[in-house]
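The following report is meant to be read alongside the sequence and the coordinates.

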Amino acid sequence: MAETVETVQLLSADGVLHTEGRVAEFLPLIERLSESTLQRFYRDMVVIRRFDTEAANLQRQGQLGLWVPSMGQEAAQVGSAHAARDQDHLFPAYREHAVAMVRGVDVLSIIQLLRGTTHGGWNPKDSKNFHLYTLVIASQTLHATGYALGITLDNAYATGQPETDEAVMVYLGDGAMSQGDLNEALVFSASYQTPQVFFVQNNHWAISVPVSVQSRVPLYQRAAGFGIPGIQIDGNDVLASFAVTRENLDAARDGGGPRFIEALTYRIGAHTSSDDPTKYRTDAELQSWVARDPISRYETWLRSRGESPTFFSAVAEEAEDFAADIRARTHEIPNPSVDKMFDHVYSEHHAALAAQKEWLLSYEASMGAGS
Amino acid sequence: MTEVSSFLATGSVTGNTADSAGSAAMNFAGPAPAPTGTVLMPMAKAINAGLRQAMMDNAKVILMGEDIGPLGGVFRVTEGLQAEFGARRVLDTPLAESGIIGSAIGLAMRGYRSVCEIQFDGFIFPGFDQITSQLAKMTNRHEGQVQMPVVIRVPYGGHIGAVEHHQESPEAYFAHTPGLRLVSPSTPNDAYWMIQEAIASNDPVMFFEPKSRYWHKGDVDLSGSAAPLHASRVIRSGTDVTVLGHGAMITVLLQAAELAEAEGTSVEVIDLRSLSPIDYAPIVASVQKTGRLVVASEAPGFVSVSSEIAATVTEKAFYYLEAPVIRVTGFDAPFPPAKLETLYLPDADRILEAVDRAMAF
Ligand SMILES: Cc1ncc(C[n+]2csc(CCOP(=O)(O)OP(=O)(O)O)c2C)c(N)n1
Ligand SMILES: [Mg+2]
């Protein structure tokens, strides 16, 4: 689905800040940002892109079973992640590496997940409530809705205190729009008026299937049918992503009910390292999106307002160091112990499973003894 | 939007505001007056009483389901509970099973203990993915850092002459899934205690309620104590052959045991109570004594809980067996139209036929 007349864009593809028309309502949110926050947006986008490239390399070198690239979607993720407040709960799909980093996840955990040493990798409680990746498309939309329902039962929102009132944001893709779970989540959240934002990264493809197969109307218009306000943004504009998400999350936390944001973006890389996008999309399409790159437009804007060249070189250096650190630590990831297979299937004792673990350990030991 | 406004109008949950994501075992409105004595009541009422007690004991216990509010559920198991606890603790949900289970998962992450009612056995499948891929795996995915105290109540089984999808026994699908616990009471007393234990469990528990037994009365010992949730139990002793089952099958097995006794065969009856995990110790001990085992269930026999028990007992008690373990189950056909259900469901005669076959070896 292409842009519509309603698409909110603050920063044009060539890096010029709009000041007229609809964007006026969002500009104050940007004007309030400190210089260091504006720098942070840039830094996060650059670092996570470098991380993404590094992880793809590690996959090619056989260090990872699979890689899931996020390149091209940095603005949608970094802007929305910074719009969330510390107390908010964020439920990702599996491509939200930048959101993970912003919330304080050591992104080596994502490497571990795709290397095959864990199904999880971090504790949401230690990661500013950034929940685990969920691979079954749209399942997490219901977990987010249930969590948000819990917030309403606890009356932990709509007290007029944005610094403590809680809200939830759930990330999903354009393909997830077709799943029953997403539609049930929209129904539940509308019925119970939960404080939550549905944040769709419409990267235009669900593996090889274009968004036009998922929907004949722009995705954000679907929300209206559920009684949920929907809005479409230029997802490659980090300022729009931040401002629109901040406004909608705060409206939800203030008791305004659920909100729906469609961020138009593009998956520059393959779906995963196992995918070959040349089989289903044209180079012309790809190039049209490269021209709308989220980082270069933001860099242009920062330079136009006088950001120093040393800032940009410092960020580039930090990104290199970050990648080097990831590379080094990836080589040191230990294999998991057998405990991981058995010990947390149940949280209470399970004799049959304990016996199976014991059997496996003694079987392995006997094999070791025989060789 | 009456549904929304009634939900919101109910105000806050007493005791909830102070405690957000934390403790699961928070007292609600002071310690509940412990009911005492033995009361004769039907199973539906016993489950209702157990739910009520659990809700009084812990303010984090909430009920979710279709038509469970003013109506009290299509089987009236939740009757009166919304009036007593309010619409914020007894939630009439939108009509979507995946939504119910998926929301219960998110609520568990927030510290709530949801009891989800599935209206009928055959309608659990829209929630199958959330149960098997999410609920069952969530604690494992989190390496123990998140617990999933969610109970799924499933009225199951035949004998009520209902239309398609209303008489099924889908236990095996869930017993096959690591991470879930499955139990099924056969008496009002067990129903009263087991529902409370299921709610107290920090693992997801599927609670299979034999709907044909809902209206049958039995003594409930309110001042008694709970037997371990996952213990199987010898409920009638005998020496020649062991028969076992769960839920509504127990009534059939006891009938068969009476009839067999009249014919001179001594039948020991075991109530499984727990389908996952299975408590094999009483079963193996019984088979060591009788040398014969008949496993009965309403579900189709192919790849079933019954087959699992037959295989395991064969492994554990091979040298004691005088006869192969025999299964008496529903047929490997969809549950038939109501006028055929008595042919599909194992009755006392089919149990006796199997007992005779076992005795003939
Ligand atoms: C229920 C389910 N069906 C199929 C898949 C396989 N699959 C993984 S990603 C994907 C495409 C998802 O597209 P979208 O929601 O747009 O997210 P994106 O990958 O573009 O970020 C598919 C079909 C899955 N993970 N879950
Ligand atoms: Mg997509």
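## A bridge between two strands

In this model, which is predicted, B:Gly245 has B:Asp271 as its bridge partner in strand β11 of chain B. That pair belongs to a parallel arrangement in which strand β10 (residues 241–245) and strand β11 (residues 267–271) of chain B are joined by five bridges.

## The sheet in chain B

Strands β10 and β11 are part of an open sheet of five strands in chain B, whose order is β9-β11-β10-β13-β14 and whose pairing is mixed. The edges are formed by β9 (233–236) and β14 (326–330) of chain B, each of which pairs on one side only. On average, and with direction ignored, neighbouring strands of this sheet are turned by 30° against each other.

Helix α11 (residues 305–316) of chain B lies across β10, β13 (293–300) and β14 of that chain, and the helix runs at about 155° to β13(B).

## Overall build of chain A

Chain A contains 15 helices and seven strands. Its radius of gyration is 22 Å, close to the 21 Å that the globule rule gives for 371 residues, and chain A is therefore as compact as a globular protein of that length. Taken along the principal axes, the box filled by the C-alpha atoms of chain A is roughly 80 × 50 × 40 Å.

Of the 371 residues in chain A, 58% are buried, while the accessible surface of the chain comes to about 14400 Å², with 53% of this area belonging to carbon and sulfur atoms. When contacts in chain A between residues at least 6 apart in sequence are considered, 76% of them join residues at least 24 apart.

## The magnesium site in chain A

Which protein donors does the magnesium ion (ligand 2) have? They are A:Asp174 through OD, A:Asn203 through OD1 and A:Trp205 through O, lying 2.1 to 2.2 Å from the ion. Along the chain, the donors of this magnesium ion follow the spacing D-x28-N-x1-W. Because A:Asp174 lies in the loop between β2 (168–173) and α7 (180–192) of chain A, whereas A:Trp205 lies in strand β4 (residues 205–206) of chain A, the pair ties together parts that are 31 residues apart in sequence.

Are these two residues, A:Asp174 and A:Trp205, buried or exposed? With buried meaning under 20% relative accessible area, A:Asp174 is buried because its relative accessible area is 1%, and A:Trp205, with a relative accessible area of 9%, is buried as well.

Key. Residues are numbered from 1 along each chain as its sequence is written. Chains are lettered from A and ligands numbered from 1 in the order in which they are written. This is a predicted model: local features need pLDDT of at least 70, side-chain atom pairs count only at pLDDT 80 or more; totals for chains, interfaces and linings use all residues. Side-chain values use heavy atoms; hydrogens and water are left out. Two strands pair if DSSP finds at least two bridges between them. Helices (H or I, at least four residues) and strands (E, at least two) are DSSP runs, numbered from the N terminus. Axes are lines fitted to C-alpha atoms, for helices over the stretch in contact, and angles run from 0 to 180 degrees between N-to-C directions. Contact means heavy atoms within 4.5 Å. The radius of gyration is taken over C-alpha atoms; the globule rule is 2.2 Å times the number of residues to the power 0.38. Buried means under 20% relative accessible area, exposed over 50%, partly exposed in between (1.4 Å probe, protein chains only). Accessible areas come from the Shrake-Rupley method with a 1.4 Å probe; for residues, only the protein chains shown count as cover. Donors are N, O and S atoms within 2.8 Å of the metal (3.2 Å for Na, K and Ca); water is not among the atoms, so sites may look incomplete.
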